Amino acid sequence: MEPLNEQLIEQIDTYIESLFTPADAALSQNLVDAEAAGMPQINVSPNQGRLLYLLTKIAGARRVLEVGTLGGYSTTWLARALPADGLLITLELDPKHAEVARRSLDRAALAPAINIRIGPAADSLCDLIRSGTAPFDVIFIDADKSGYVEYLELAMQLSRPGTLILADNVIRHGLVLEAHPADPSDAGAKAYNEAIAGDPRLESLILPIVRARVDGLSISRVR
Ligand code: SAH
Ligand code: DHB
Ligand code: MG
């Protein structure tokens, strides 16, 4: 096989984007707001947003749970896949991120209710479990990578057979291939991958995601 040409991979991503993810006022404004607020530019890519949207629609989801809001870019994609009477709960540690997201999501005038909960995701997940909330149809994990295995365990308690559990950044530029990744985020992603692969309650796969660098999105279906 010829060596992978990074430039070609990026061109292919841009080509796909030009076909299926046309410029969009609300999404562009969301990124402008996040940058103006000095937030890190670690939102999902447009093509990944489109994938989240499609998966959520295919799942026929009415209730979505997101772990890691940042400025609400992926939230916007997920919310657009929901019916008007749908519900999206998104969990964010940093109150400043939550505030920027709130403003941007309000401006986008999305139909479903969007509930941002501030605090450590593990606490918010435990609160949801304790309150006996109805199971979610789609759960998207995208917060601190060292917490992924714990979030998976808690997400399972907020699921039903058929729930889709998705997780971003599970390839980490290939660093999860190392036997013992030194970086806690890489180690967390690797542990997550092994957890979903070995979990008899799930059927899973990871899709490599290419942009400037290679990463991955895991897709798990609860049995
Ligand atoms: N899903 C977003 C990107 C999320 S970036 C998008 O694609 O648009 C990760 C977010 O997780 C950051 O906003 C960070 O503040 C938040 N985060 C980090 N640790 C967290 C924790 N323990 N609990 C909840 N959120 C956390
Ligand atoms: C980081 C986090 C993300 O969710 C992401 O998509 C990319 C990078 C990070 O913490 O570096
Ligand atoms: Mg991410």
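1. Basis. In this predicted model local features need pLDDT of at least 70 and side-chain atom pairs count only at pLDDT 80 or more, while totals for chains, interfaces and linings use all residues. Residues are numbered from 1 along each chain as its sequence is written, ligands are numbered from 1 in the order in which they are written, and side-chain values use heavy atoms, without hydrogens and water.

2. Polar contacts (pairs of N or O atoms within 3.5 Å). Oxygen atoms of ligand 2 lie 2.8 Å from an N or O atom in the side chain of Asp142, 2.9 Å from one in the side chain of Lys145 and 3.1 Å from a polar side-chain atom of Asp168. Taken alone, ligand 2 exposes 290 Å², of which the protein buries 63% (Shrake-Rupley method, 1.4 Å probe).

3. Magnesium site. Asp142 (OD), Asp168 (OD) and Asn169 (OD1) coordinate the magnesium ion (ligand 3) at 2.0 to 2.1 Å. Donors are N, O and S atoms within 2.8 Å of the metal (3.2 Å for Na, K and Ca), and sites may look incomplete because water is not among the atoms. Along the chain, the donors follow the spacing D-x25-D-N.

Note on methods:
A polar contact is a pair of N or O atoms within 3.5 Å; within protein, one must be able to donate a hydrogen and the other to accept it, and residues adjacent in sequence count only if both atoms are side-chain atoms.
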